Amino acid sequence: MPHVTLEHHTLYFEDVGSGEPMVLLHGFPLSSQSFWPQLERPPAGVRLLLPDHRGFGRSTGTRGPLTMEQIASDVLALLDATGLPSAVLGGVSMGGYAALALTRMAPQRVRGLVLIDTQHLADDAAGRERRERVAQEAERDGAGLIAQAMGPRLLAAQASPELRERLHRLMSAQAPEAIAAASRGMALRRDASEVLASYPGPTLMVVGAEDPITPPATARAMAALARDATLEVIEGAGHLPNLEQPELFGAVLEAFCARLQATMMTQPVGGSHRP
Ligand code: MLT
């Protein structure tokens, strides 16, 4: 599996499919393997780059909270290492927070933004306290109990026992230190309303119709802020539509990339935000 060697850690990533480059960032507490249907069958016309965030999956970790800016700077290093001046950037939930952080840092490297079951707002005080409790629970009790607590909220009621079990195994396999670091890092994230409102490229909001964590109302609020927004509500899915409805999810990504390419072809020279 390819990797990028950084100053204090190694970032692993999956690289599958061919066509429009798209980086997809995984949610919490997961890894690139949470895109298993997309790894098995990448969307047509799309090259998917799927990193493991620091400390998750096969990436090594660093000390302290894992901030969304750190994830973003790792993604920028990944783009550099793969020779990509820009890519479509997507993220599921925590991955969406990091995608918004990267868009704040380097909008010129984002050809299009795909925000999946995520939100633009920062945590309130109660949310930040909850993050610290989760971090301490992970450090004290390990990943298994976090997986047990989170599992029931991630998938729609109709999800199969096999899907639930596979997701549980993946969450339980993550390093407790990474879970604690990411929980503390999410608590530090900034409100990204102005990032959404100022980003000039196309933005796709994808949300499971039955997501109780970042529900369709949140995706609609983000779509109302973004300059060039498309909203796709996926029926029969909760917080992880890429696992729950992989066919519909893949079709939505394919359509977004096809539209992006068509727009690039009709834009006058200099009219694109591609660097
Ligand atoms: C995720 O799926 O990444 C989490 O639900 C994000 C969060 O806890 O805010």
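A: The charged end of arginine 166 sits over the ring of tryptophan 36, 4.1 Å from the ring centre. "Over" requires CZ of Arg or NZ of Lys within 6 Å of the ring centre and within 35 degrees of the ring normal. Arginine 189 lies over the face of tyrosine 97, 3.9 Å from that ring's centre. This is a predicted model: local features need pLDDT of at least 70, side-chain atom pairs need 80 or more, and totals for chains, interfaces and linings use all residues. Residues are numbered from 1 along each chain, and side-chain values use heavy atoms, without hydrogens or water.

Tyr97 also belongs to the ligand's surroundings, together with Gly27, Phe28, Ser93, Met94, Arg131, Met186, Ile213 and His239; the criterion is a heavy atom within 4 Å. By class, this shell has five nonpolar, three polar and one charged residues.

Polar contacts are pairs of N or O atoms within 3.5 Å. A polar side-chain atom of arginine 131 is 2.7 Å from a ligand oxygen. For methionine 94, a backbone N or O atom lies 2.9 Å from an oxygen of the ligand. The side chain of serine 93 places an N or O atom 3.0 Å from a ligand oxygen. Taken alone, the ligand exposes 270 Å², and the protein buries 95% of that (Shrake-Rupley method, 1.4 Å probe).

Conventions
Polar contact = N/O pair within 3.5 Å; in protein donor to acceptor, adjacent residues only side chain to side chain. Nonpolar A, V, L, I, M, F, W, Y, C, P; charged D, E, K, R; others polar.
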